[in-house]
Amino acid sequence: MSDATAAAAEPVVAAPPPEAKLDDVMLAMDVVDTLRHQDVQVARELDEDERDRQLIERLRLIYRGQGIVVTDAILVEGVKALKESRFVYTPPRPGLGRTLALVWVDRKRIGTGALVAALALGIGFGAYQYFVVGAAEREAAAQRIEFTETLPREVERLSKAIDAEARVEEARRRAAASVAEAEQAMAAKDGSAARRAIADLSALLAQLRQTFTLRIVSRPGEQSGIFRLPPNRTSRNYYLIVEPIGPDGRPVKLPITSEEDQKTVTIDRFGVRVSPETFDRVRRDKADDGIIQRAVLGEKRRGELDIRYTDGMTVSGGFITSGW
């Protein structure tokens with residue numbers, strides 16, 4: 001086989017095209033950018049070849065003025081790339097993929113914002129739970145405890161104490177009535193009514209435990225008795241001025257309702273209406289030497305509600321609170 005025949009038998013491999021230089025690509029991109037941003041006015045009536053020629057000539061002058069040497073091949077490639085929008089970024093159309101990509105790119109800022117929003121939401125939710133929902137629940141729990149534990153215990157305590165102190169049936173009757181009112185109020189979840197009933201029980205217990213001696217005022221220079229002429233009546237009302245004195249020797253203040261104006265005041269000196277005979281007896285006792293020998297008008301004993309008046313002292317039961 002001859003050399004020529006062997007050469008002809010060998011396969012022919014085409015040489016790869018020369019790779020574009022990076023500098024040429026960058027220049028082409030710069031050309032496109034220049035074309036895009038420079039105010040290049042070309043007459044619309046010119047044909048495409050003439051328009052391209054003028055664009056290339058204008059670009060050559062621009063780069064020459066900047067001291068940059070650009071070959072005609074690069075200028076032609078730039079004009080071609082501009083027409084093909086080769087170096088123009090076209091954003092992708094809206095869609096799920098684009099949205100997910102944007103979220104991923106901006107994940108740090110979105111994550112920080114989401115964390116802040118989550119914290120704010122958590123704080124707001126916690127505040128609402130504590131101040132609104134929690135407050136309502138705490139109030140409901142407090143009311144439940146009040147009506148099932150606190151108030152019933154107080155009613156039971158006072159009832160037992162009254163029963164232990166009472167020496168008269170009237171005290172037990174009044175206590176039973178107040179206990180019934182308290183229980184009815186608690187069943188109806190009426191706190192105000194329940195507390196009023198408990199206050200009545202407490203006042204009743206205090207009254208049962210109270211002790212004092214009702215003494216007629218007999219100090220020199222102080223009036224021991226007085227009479228009044230009531231409206232529309234011709235007979236007089238006689239009163240002895242008294243002081244309730246406790247076991248410690250001090251005056252005790254009592255709530256007294258005047259029969260003249262029906263007003264109740266808490267005082268430690270008041271007038272008790274008595275019969276004319278009792279009034280005259282005390283007047284004569286004081287007239288002897290200025291001192292009333294039988295100065296005790298009555299006594300309030302522990303466990304009882306009313307004053308026990310001294311034998312021989314006829315008391316009508318009315319009171320006055322001023323005017324002597």
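User: Is Ser178 buried or exposed, and what does Ser178 touch?

Analyst: Buried means under 20% relative accessible area, exposed over 50%, and partly exposed in between (1.4 Å probe, protein chains only). Ser178 has 11% relative accessibility, so it counts as buried. Contact means heavy atoms within 4.5 Å. Not counting residues up to four places away in sequence, Ser178 touches Ala197, Asp200 and Leu201. For the chain of 324 residues, 27% are buried. Of the contacts with a separation of 6 or more, 66% are between residues 24 or more positions apart.

User: How do I read the confidence, and what is the average pLDDT of the chain?

Analyst: pLDDT is the predictor's confidence in each residue, from 0 to 100. Here the chain averages 82, and 81% of the residues score at least 70. Over residues 1–20 the pLDDT is below 50, and that stretch has 2 contacts in the model beyond near neighbours in sequence. Residues 39–46 also stay under 50, with 9 contacts beyond four places in sequence. Where pLDDT is low, the predicted coordinates should not be read in detail.

User: Now the rings. How many aromatic pairs are there?

Analyst: Rings of Phe, Tyr and Trp (its six-membered ring) pair if their centres lie within 6.5 Å; planes under 30 degrees apart count as stacked, over 60 as edge-to-face and the rest as tilted. By this rule there are 3 aromatic pairs. Take Tyr238 and Phe279: this pair is tilted, at 4.9 Å centre to centre and 45 degrees between the planes. The pair links distant parts of the chain, with Tyr238 in strand β3 (residues 237–245) and Phe279 in helix α9 (residues 276–289), 41 residues apart. Tyr238 and Phe279 are both buried.

Another pair, Phe270 with Phe319, is edge-to-face at 5.7 Å centre to centre, with 75 degrees between the planes. Here too distant parts of the chain are linked: Phe270 is in strand β6 (residues 270–274) and Phe319 in strand β9 (residues 315–320), 49 residues apart.

User: Which residues form one aromatic cluster, and where does the charged end of Arg236 sit?

Analyst: The cluster is made of Phe227, Tyr238 and Phe279. A charge sits over a ring if NZ of Lys or CZ of Arg is within 6 Å of the ring centre and within 35 degrees of the ring normal. The charged end of Arg236 is over the ring of Phe227, 3.9 Å from its centre.

User: Back to Phe270: which residues is Phe270 in contact with?

Analyst: Phe270 counts as buried because its relative accessibility is 1%. Leaving aside neighbours within four places in sequence, its contacts include Leu214, Leu240, Ile241, Val242, Leu254, Phe319 and Trp324. Phe270 and Gly323 are 53 residues apart in sequence, yet 9.7 Å apart in space, C-alpha to C-alpha.

User: Last one. Which residues lie nearest the centre of the largest pocket?

Analyst: On a 1 Å grid over the protein atoms alone, a pocket is an open set of points where a 1.4 Å probe fits, with protein on both sides within 12 Å along at least five of seven lines; lining residues have an atom within 4 Å of a point. The largest pocket is lined by 16 residues, with Gln207, Gln210, Leu254, Pro255 and Leu305 nearest its centre. The elements giving two or more residues to the lining are α8 (191–209) and β4 (254–257). The largest share, 4 residues, comes from β4.

Methods. Residues numbered from 1 in each chain as written. Predicted model: local features only at pLDDT ≥ 70, side-chain atom pairs only at ≥ 80, totals over all residues. Heavy atoms only, no water.
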